[in-house]
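Subject: Handover of a structure and summary of findings

Dear colleague,

Please find below the structure that I am passing on to you. My notes on it follow directly after.

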Amino acid sequence: MNREELIKEAFKAMENAYAPYSNYHVGAAVLTKDGQVTWGANIENASFGGTNCAERSAIFAAYSKGYRKEDIEALAIVSDGDRVCAPCGICRQVLSELIPQDAPIYLSNGKENVDMTIRKLLPMQFGTEDVIR
Ligand SMILES: [Zn+2]
């Protein structure tokens, strides 16, 4: 599956967003090395702290299926916003532990595309090696 196809999958996932408060819809698609795609969408909540972002939804769903960091090939994150949807701080922290440092992260809003990695998105990471000594 190429970059454009994975971005297309993320846009399909975006249709499942539950965003009655922000009306900002985000979709994500995780591609694993076995060719499978796992979707995620942003799921908001009236108690805003209970909201979950699309990329965390997708990566948690992939882990829930049994996939782990070494199985992950790429991640696409898309939105219907005016700008490309860059992951929020919490998602960067989560992704820094759960996906390979140099796995491609494709960001798109359908008009603009940016290719990133978690290494580029989150320099000077706090991670497992800081906690487990
Ligand atoms: Zn986020």
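How many aromatic pairs does the count come to? The count comes to one aromatic pair. Please bear in mind throughout that this is a predicted model.

Aromatic pair

The two partners are Y21 and F48, whose rings are tilted, with 55° between the planes and 5.7 Å centre to centre. Y21 lies in the loop between helix 1 (3-14) and strand 1, while F48 lies in the loop between strand 2 and helix 2, so the pair ties together parts that are 27 residues apart in sequence. As for accessibility, Y21 is partly exposed, with a relative accessible area of 44%. F48 counts as exposed, at 59% relative accessibility.

Zinc site

The zinc ion is coordinated through the SG atoms of C53, C88 and C91, at 2.2 to 2.3 Å. Along the chain, the donors follow the spacing C-x34-C-x2-C. Distant parts of the chain are linked here: C53 sits in the loop between strand 2 (37-41) and helix 2 (54-64), and C91 sits in helix 3 (residues 89-98), 38 residues apart. Is C91 buried or exposed? C91 is buried, because its relative accessible area is 0% and the cut-off for buried is under 20%.

Largest pocket

The volume of the largest pocket is about 210 Å³. Its lining consists of 13 residues, of which Y24, V26, N42, T51 and C53 are the closest to the centre. By type, the lining of the largest pocket divides into seven nonpolar, four polar and two charged residues.

Helices 2 and 3

Helix 2 is mostly covered, with eight of its eleven residues buried. Those buried residues are A54, E55, R56, S57, A58, I59, A62 and Y63. Which elements cover them? The cover includes strand 1 (26-32), strand 2, strand 3 (72-79) and helix 3. After helix 2 comes G66, which has a positive phi, near 110°.

In helix 3, the buried residues are C91, V94, L95, S96 and L98. The buried residues of helix 3 are covered by elements including helix 2, strand 3 and helix 4 (118-121).

Backbone angles

N23 has a positive phi of about 55°. N23 is located in the loop between helix 1 and strand 1 and counts as exposed, at 55% relative accessibility. M124 also has a positive phi, of about 50°. The position of M124 is in the loop between helix 4 and helix 5 (128-131), and this residue is exposed, with a relative accessible area of 87%.

Contacts and distances along the chain

D80 is found in the loop between strand 3 and helix 3 and counts as partly exposed, at 38% relative accessibility. What does D80 touch, not counting residues up to four places away in sequence? On that basis, D80 touches M14, N23, Y24 and H25. D80 and K111 are 31 residues apart in sequence, and their C-alpha atoms are 9.7 Å apart in space.

K12, in helix 1, is partly exposed, with a relative accessible area of 37%. The C-alpha atoms of K12 and V78 are separated by 9.7 Å, and the two residues are 66 residues apart along the chain.

V131 has its place in helix 5 and is exposed, with a relative accessible area of 55%.

Yours sincerely

Definitions and conventions: Residues are numbered from 1 along each chain as its sequence is written. This is a predicted model: local features need pLDDT of at least 70, side-chain atom pairs count only at pLDDT 80 or more; totals for chains, interfaces and linings use all residues. Side-chain values use heavy atoms; hydrogens and water are left out. Donors are N, O and S atoms within 2.8 Å of the metal (3.2 Å for Na, K and Ca); water is not among the atoms, so sites may look incomplete. Helices (H or I, at least four residues) and strands (E, at least two) are DSSP runs, numbered from the N terminus. Buried means under 20% relative accessible area, exposed over 50%, partly exposed in between (1.4 Å probe, protein chains only). On a 1 Å grid over the protein atoms alone, a cavity is a set of points where a 1.4 Å probe fits but cannot get out, and a pocket is an open set with protein on both sides within 12 Å along at least five of seven lines; lining residues have an atom within 4 Å of a point. Grid points are joined across faces, edges and corners, and a volume is the space filled by probe spheres set on the points. Ala, Val, Leu, Ile, Met, Phe, Trp, Tyr, Cys and Pro count as nonpolar, Asp, Glu, Lys and Arg as charged, and the others, Gly among them, as polar. Contact means heavy atoms within 4.5 Å. Rings of Phe, Tyr and Trp (its six-membered ring) pair if their centres lie within 6.5 Å; planes under 30 degrees apart count as stacked, over 60 as edge-to-face and the rest as tilted.
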